[in-house]
Amino acid sequence: MSDAPVTPLNPAIEPKTPDFRQVPHNIEAEQGLLGALLINNDALDQVAEFLKPAYFHDPVHQRIFEAISKLVGNGNLASPVTLKTYLEMDEGLVALGGVGYLARLASNATTIANAKQYGQTIYDLAIRRQLIAVGQEMIGDAFDADIDDKPDNQIDKAEQALYNIAEKGAHNSGFMTFDTSLTGAIEMAEKAYQRDGNLSGISSGFKGLDELLGGLQESDLLILAGRPAMGKTALATNIAFNIAHNYMKARQSGNVETRPDGSVEVKDGGVVGFFSLEMAAEQLATRMLAEQAGVSSSNIRKGDIHEEEYSRLVSAARDLQDAPLFIDHTGAIAISTLAARARRLKRQHGLGLIVVDYLQLVRASSGREGRVQEVSEITQGLKALAKELDVPVLALAQLSRQVEQRDDKRPQLSDLRESGSIEQDADIVMFVYREPYYLAREMPQEGTEDFLAWQERMAAVDGTAEVIVGKNRHGPTGTAKMAFEDRFTRFTDLQEDDHLPERFD
């Protein structure tokens, strides 16, 4: 360890360690790497992907590495002679011996074989310095917190900082060979072949929808949009429950696979994180209980249930209680906080699906002016979160009132509020449409011919719904026909009359 002056990785957050303790650093490794780069510029390729000038502890070494990177990046030779032009007036370098210091770095480097190892050492020590800085900032925030700054906000901030540091450790990004990409495609096809229903993604629990989408795909942002009272939340809760319930059943049946690292992969379903910005967790749970028990949610709230219904409620509650479905009902949550909590959930319990109900109630973190800019930040943040956590994100969205002005009330992509950013960032855009809802409002006067025609139309569509896939980045668009039981806010696959599921009256 060197006794060189301490220089923080981030000047805005300087680690203030006691005088008798120095922050982690290794000047010799920095000197060894810089020397290797000066005698052979090709060695830069071994470290350029993950090493930045700020990761060097000595500020002079930071500037030397930056100058080398720029020269080589521009196709020029980086040597003690060529660097002289740019660094001979550098006060820090002059204090170390000027250009002669560069020559000593090169002369003391006998090989480039250790360049990557030197770079990794520098990187690891920089990460440790960042951890020290984050810890000290946490202490400072806890001591000097504003009266309106809740501890939960400080926890979210600390988790975000730690997660950012952890993500920097995954420096295996960049170009992948086609062979590697092809292997991933074959593995996805193999999973689809082996999985029930031949789906490459997680089953939504609805056959028609799965046939269109191939399941909910990892890293996809799916938008589920509709006008109020169309059943967006009902469909989202149905999908969320199906996925969580399938995961629970797969675990109980032993339908799991142990990976080489010892972790366990469940073959079906997934852990679900549900961000309910509009509805309280208890209300959402009541809806799910009503769906599964076949009891009207309004009757549950009023206590207007008979003994047989109560027995079904108890049975459904026992079935539901172990489902890995986690609900966060924080209102007007910021996109940064939402992301931090999703990361925490994945770290603690695993994660297979994120549901956001609904998109327009999420707050932007940057305070941008203009609703379009805010929604753009939110959709980009949700898409980035889907890719980062490698899970599908299902976000609900409201449609504009222009739907109501048309004769054909079926929604279109242009009906999305702030549709530019939503349509652009989403991989899948779906619309919930229930013709009976609109048809009921057109009821003519009883006893007329129009009324008889209206009755026939209502009978043909009663209890039906459509999920219209308006955008599908991976395949065709189309419409999935479904059944909808309004009393129980429950969607099911639409079946022939002689194969209808049991109804509770």
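**Reading a predicted model**

Guide: Aspartate 425 counts as buried, because its relative accessibility is 11%, where buried means under 20% relative accessible area, exposed over 50% and partly exposed in between, with a 1.4 Å probe and protein chains only. This is a predicted model, in which local features need pLDDT of at least 70 and side-chain atom pairs count only at pLDDT 80 or more, while totals for chains, interfaces and linings use all residues. Residues are numbered from 1 along each chain as its sequence is written, and side-chain values use heavy atoms, with hydrogens and water left out.

Visitor: Where does aspartate 425 lie, and with which residues is it in contact, leaving aside its neighbours within four places in sequence?

Guide: Helices (H or I, at least four residues) and strands (E, at least two) are DSSP runs, numbered from the N terminus, and aspartate 425 belongs to helix 17 (residues 419–425). Contact means heavy atoms within 4.5 Å; beyond its neighbours within four places in sequence, aspartate 425 is in contact with Leu221, Ser376, Thr379, Gln380, Lys383 and Arg473. Aspartate 425 and glycine 381, separated by 44 residues in sequence, have C-alpha atoms 9.6 Å apart in space.

Visitor: What can be said of the protein in total, in helices, strands and burial?

Guide: The protein has 19 helices and 11 strands, and 46% of its 505 residues count as buried. Among contacts with a separation of 6 or more, 69% are between residues 24 or more positions apart.

Visitor: How should I read the sheet, and in what order do its nine strands come?

Guide: Strands of a sheet pair through backbone hydrogen bonds, either parallel or antiparallel. Two strands pair here if DSSP finds at least two bridges between them. The nine strands form an open sheet with mixed pairing, in the order 5-4-6-7-1-8-9-10-11. Strand 5 (325–328) and strand 11 (490–493) stand at the edges, and each has a single partner strand, so one side of each is left without a neighbour in the sheet. From one strand to the next, the twist averages 25°.

Visitor: Is strand 9 enclosed or exposed, and how many bridges pair it with strand 8 and with strand 10?

Guide: Strand 9 is largely enclosed by the rest of the structure, because seven of its nine residues are buried. Strand 9 pairs with strand 8 in the antiparallel sense over six bridges, and isoleucine 428 stands opposite asparagine 472 in strand 9. The pairing of strand 9 with strand 10 is also antiparallel, over six bridges, with glutamate 466 opposite lysine 481 in strand 10, and these two strands form a hairpin with five residues between them.

Visitor: How many bridges join strand 10 to strand 11, and which residue in the turn has a positive phi?

Guide: Strand 10 (residues 478–485) and strand 11 run antiparallel and are joined by four bridges. Alanine 483 stands opposite threonine 492, and methionine 482 opposite aspartate 493. The hairpin of strand 10 and strand 11 has four residues between the strands, and threonine 489 in the turn has a positive phi of about 45°.

Visitor: How do I read the packing of two helices, for instance helix 1 and helix 7?

Guide: Axes are lines fitted to C-alpha atoms, for helices over the stretch in contact, and angles run from 0 to 180 degrees between N-to-C directions. Helix 1 (residues 27–39) packs on helix 7 (residues 115–143) at an angle of about 140°, with the axes 9 Å apart. Angles under 35 degrees count as roughly parallel, over 145 as roughly antiparallel, 65 to 115 as roughly perpendicular and the rest as oblique, and helix 1 and helix 7 are therefore oblique to each other. In this contact Ala29, Glu30, Gly32, Leu33 and Ala36 of helix 1 meet Ala115, Tyr118, Gly119, Thr121 and Ile122 of helix 7.

Visitor: At what angle do the axes of helix 1 and helix 3 cross?

Guide: The axes of helix 1 and helix 3 cross at roughly 25° and come within 11 Å, and that makes helix 1 roughly parallel to helix 3. Ile27, Glu30, Gln31, Leu34, Leu37 and Leu38 of helix 1 make the contact with His61, Ile64, Phe65 and Ile68 of helix 3.
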